[in-house]
Amino acid sequence: MCSGRVSPHFILKAFQEGVDGVLIVGCHIGDCHYGKGNYITAKRIAVMKELIKFIGISPNRLRLEWVSTSEANKLARVVTEFSQEITELGPSPLKPMKLKKI
Ligand code: FES
């Protein structure tokens, strides 16, 4: 419902499960329906980028964008660009490896 609801736990769990990237999209600053959710998210994601960098994940694998419901073209562009960037980065270093059967 709000970008402020995206707990750091959700992000870390996603990377732990092997996702290649996490894109969080929130309302523009000042437009949060719940007041300060996107302010909290902006601060939180800055810290999360440092944290994932510390554990060996490129901070580019985590992105925060502000997109309103009337900006469908922007959302499409953001998703396309992020997908391309993640493809260029390759699989997450935390992606679980499949073991070969002997
Ligand atoms: S409702 Fe809070 S960021 Fe959109």
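**Cysteines, charges and helices**

Biologist: Cys27: what does this residue count as, by relative accessibility?
Modeller: Cys27 has 26% relative accessibility and therefore counts as partly exposed. Buried means under 20% relative accessible area, exposed over 50%, and partly exposed in between, using a 1.4 Å probe and protein chains only.

Biologist: And Cys2, buried or exposed?
Modeller: Cys2 is buried, because its relative accessibility is 18%.

Biologist: What should I know about the model itself?
Modeller: It is a predicted model: local features need pLDDT of at least 70 and side-chain atom pairs count only at pLDDT 80 or more, while totals for chains, interfaces and linings use all residues. Residues are numbered from 1 along each chain as its sequence is written, and side-chain values use heavy atoms, with hydrogens and water left out.

Biologist: What does the C-alpha trace span?
Modeller: About 55 × 25 × 20 Å along its principal axes. Of the 102 residues in the chain, 25% are buried.

Biologist: Change of topic. How many salt bridges?
Modeller: Four. The criterion is a side-chain nitrogen of Lys or Arg within 4 Å of a carboxyl oxygen of Asp or Glu. Among them is Arg63 with Glu85, at 2.3 Å between the closest N and O atoms.

Biologist: Where do those two sit in the chain?
Modeller: Arg63 is in strand β2 (residues 62-66) and Glu85 in helix α3, so the pair links distant parts of the chain, 22 residues apart. Arg63 is buried at 15% relative accessibility, whereas Glu85 is partly exposed at 23%.

Biologist: What about Asp20: which residue does it pair with?
Modeller: Lys95, with the closest N and O atoms 3.4 Å apart. That pair also links distant parts of the chain: Asp20 lies in the loop between α1 (8-16) and β1 (22-26), and Lys95 in the segment after α3 (72-89), 75 residues away. Asp20 is partly exposed at 24%, and Lys95 is partly exposed at 34%.

Biologist: What does Lys13 pair with?
Modeller: Glu17, at 3.1 Å from N to O. Lys13 is partly exposed, with 37% relative accessibility.

Biologist: What happens at the start of α1?
Modeller: A side-chain oxygen of Ser7 comes within 2.9 Å of the backbone nitrogen of His9. Just after α1, Gly18 has a positive phi of about 100°.

Biologist: How do the axes of α1 and α2 cross?
Modeller: At roughly 30°, with the axes of α1 and helix α2 (residues 37-54) coming within 11 Å. The two helices are therefore roughly parallel to each other. Axes are lines fitted to C-alpha atoms, for helices over the stretch in contact, and angles run from 0 to 180 degrees between N-to-C directions. Under 35 degrees counts as roughly parallel, over 145 as roughly antiparallel, 65 to 115 as roughly perpendicular and the rest as oblique.

Biologist: Last one: where is Ser58?
Modeller: Ser58 is in the loop between α2 and β2, and is partly exposed at 23% relative accessibility.

How values were computed
Helix = DSSP H or I, 4+ residues; strand = E, 2+ residues; numbered from the N terminus. Polar contact = N/O pair within 3.5 Å; in protein donor to acceptor, adjacent residues only side chain to side chain.
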